[in-house]
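Hi everyone, thanks for making time.

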Amino acid sequence: MDNANDFRPIRVFFSKKGDAIYISHLDLTRCMQRCIKRSGIPIWYTQGFHPHQYMTFALPLALGYESECESMDIRLTEEMDLSVVMELLNAALPRDIRVLRVTQPKMDPKEIAFAEYEAEVSFACDSQGEKFLALLEQDQILVSKRTKKGPKDVDLKPLLELLSWEEREGALHLSLRLPAGSTLNLNPTLLFDAFCRAYQCETAQWKVRRTRVLTANFTEFC
Amino acid sequence: MQNQLQKILMKVQKPGRYTGGELNSVIKAKDKVDVRFAFCFPDTYEVGMSHLGMKILYSLINERENYWCERVFAPELDMEEQMFLHKIPLYALESKDPLGDFDIIGFTLQYELCFTTVLNMLHMAGLPVRSADRDDSFPIVVAGGPCACNPEPMAAFIDAFLLGEGEENLMAFIDLYHEAKRNGTPKREFLRQASRIQGVYVPSLYDVSYYEDGAIKEVTAREGAPLPVEKAIIQELDKVYYPKEFVVPFIDTVHDRAMVEVLRGCIRGCRFCQAGFIYRPFREKHYETIDQNARDLCGSTGYEEVSLTSLSTSDLTEIEPLLSSMLTWSEEEKVSLSLPSLRVDNFSKELLDKIAKVRKSGLTFAPEAGSQRLRDAINKNVTEEQIMKTCRTAFEGGYTNVKLYFMMGLPTETMEDVAAIADTAQRVVDLFYSLPNRPKGRGVNVTISVACFVPKPFTPFQFEPQDTVEMLREKQRHLISAVKSKKITVHYHESDTSVLEGVLARGDRKLCDVIEYAWRHGCNLDSWDEHFLYQSWLDGFAAYGIDPAFYANRRRDYNEIMPWDHLDYGVSKNFLIRENKKAHEARTTPNCKEGCSGCGANRLMGGPCVNGQCK
């Protein structure tokens, strides 16, 4: 009776914007637990000595990023209309986190392979547009990625897909696709780091928004 | 402001501290609000968001549609630097408006080492730090909290101090301000009127004169201001306002849980404890009220832990019915109860069982002193037998970690008393291994945490000299050498900060200059070891020809006028003198429930307090 599989899994898609982008993943987990508690949704608790709400996130979001395609999975102990779940959650959540839809999970989070981002960045240097193009023309774009085993060099060149870019109002506006998921996850800010390293400058300001989470054949995670 | 902030937030540690937008934070329309109040906590967000008083007053002010209370905390140094670079003044989290836009700026003074942070926050907001330099165009600056019981070292910076409990007098103060604002009353006249509200102390209406040796000769009031100034007090605690909602922080704070205040004051009268005297008399809430408060808060916040807070929660008369009634819903709703401030002498097996039902963690007890003689001198009415009995109950209940709190540098303390701390811990370890039914397969761990005693105003020890740094260090070494077991861990605190705390706690107005000097020479967030700049303080004392030992290490005569003698916190000076004499004779005083000792605080209630037999 206490087996997780006996309870109905649901997937909650939500956006994270405004002040909420400064909530780290760990803090988001705690925030969600409290909101679910407040909402009164019949969530399933893990069994054992310290029962806690069962909750997993498909693809944790980096601190400072906006997103309109976050998702978390929870399980319900009682039947409840999914539109009611959405309503209750939205009433309990802080204003900058909004539930967009609640669904039956169709895919396994392991299927996630890519994510797409809109980024806006300006660097403290001259002619950043030309420099940016020159950076992309290099044979290699080496960046240092932090991993559990320490920093690791990764070549962004073959992994990065620049979907579009333009320079306006002093900032580069980029649309990017990068590997995502549990095997290799690369954030757009790595590209900014590469720029800074190549041209010895700092970012003046940046904004990143995750827009889509995709599987290996580019279908949207659902 | 929002755009400016975006530029810097990703450059600082834990940006979630500076954004606001948390659950239950209150946003109002600026044009529909008559009075804007900035509640400032002069420490970091994590510390300030753990403070219950701020939560109560925040909700209370915001209950009024036309008043808006917002929160402000001290930025860490990385944020301060970024704010300086981008010319962002200190702002309130809700509206992100600079503090200069507010009507009233209120600080809570929880500990003496926050004084420079108050100055720094005023400065970051673009305000001159001294009251005398702020004309009518600047907000009114007020301060309350426990350190307001001797506000003299901050007298030059704060327009008005709110003494005692704020629920009623802060609202009266804001109401009067509202009226003054409508009528265009000048600040000076407003402050004169405000000084008539119970618990409002306007330092600029009082003159202090000194003898040549630096002691106070006389304090006089001007313009009809009251003398003494009596603290504000809530008569019926059971009916006092309690918030139904707390702001729920996104980031992890020191105490991130629901908290319900169960009682105010303390019956115990431990002679070192300022809180035990300045919050007198003892008043309790009924268990139904507390239970309802807890349910409301858990419902509105989603917290899964609720703490029953007070100076001594096990002294709550209705503790057993309270726990029984809370356990009817808390287990079901997966809410755990925590009871800080338990006493070792009334910690029953039943109580332990009820707590253990929900969660098992370490236990903390505070014998405060190692020897019985010294425990009697400080009136910590706890015997070694009780300590051992409680530890036995805990061990038999499955606990293996026990934390014991002690103080060092207590009046009349000898090296034997210091060694007795280690002996007590050793006997707790021995007790564990003597129990046939001790938790199996696990060793015991006894942590002794030793704080340096700082004599505080309104306590029987207000007359006592504080140990010098050299004496404290010697005692620390002595304690370490007396600990023989690896099962005992010793923690102790830095003694330089204790000495400074001692100077500020019993300081007078002459210290205003030193505080400003220290702040101008880099002091800020002094309670954080990594920020503490003792040398700047020492330079400040030297610059103004002040000997810190005059404040910290000097014994005062009973008839010396203390810097806080013109403030009335209920307990009489005669009572404090009687208690001081008994301390030197190692004689104890019964707690308020056993019998009234005539402290005088019942006068504030206009009748008897705890047991109906007050003198």
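How many helices and strands does the secondary structure of chain B come to? The count is 20 helices and 19 strands. Please keep in mind that this is a predicted model.

Now, the overall form of chain B. Its C-alpha trace spans about 75 × 65 × 55 Å along the principal axes. A compact globule with 615 residues would have a radius of gyration near 25 Å, and chain B has 24 Å, so the two agree. Of those 615 residues, 49% are buried. And if we take contacts in chain B between residues at least 6 apart in sequence, 77% of them join residues at least 24 apart.

Next, the domains. Chain B is divided into domain 1, residues 2–230, and domain 2, which takes in 257–510 + 546–577. The centres of these two domains, taken over C-alpha atoms, are separated by 30 Å. Where they meet, 23 residues of domain 1 are in contact with 28 residues of domain 2. On the domain 1 side, the elements giving two or more residues are strands E7 (206–210), E8 (216–221) and E9 (229–230) of chain B. That side has 17 nonpolar, three polar and three charged residues.

Finally, the partner chain. The contact takes 21 residues from chain B and 18 residues from chain A. On the chain B side, helix H1 (2–9) and helix H9 (287–301) each give two or more residues, and H1 of chain B gives the most, with three. By class, the chain B side divides into eight nonpolar, eight polar and five charged residues.

Methods: Residues are numbered from 1 along each chain as its sequence is written. Chains are lettered from A and ligands numbered from 1 in the order in which they are written. This is a predicted model: local features need pLDDT of at least 70, side-chain atom pairs count only at pLDDT 80 or more; totals for chains, interfaces and linings use all residues. Helices (H or I, at least four residues) and strands (E, at least two) are DSSP runs, numbered from the N terminus. The radius of gyration is taken over C-alpha atoms; the globule rule is 2.2 Å times the number of residues to the power 0.38. A residue is buried if 20 or more other C-beta atoms lie within 10 Å of its own, exposed if 12 or fewer, and partly exposed in between; C-beta atoms are placed from the backbone. Two residues are in contact if their C-beta atoms, placed from the backbone, lie within 7 Å. Ala, Val, Leu, Ile, Met, Phe, Trp, Tyr, Cys and Pro count as nonpolar, Asp, Glu, Lys and Arg as charged, and the others, Gly among them, as polar. Domain bounds come from an automatic or database domain assignment.
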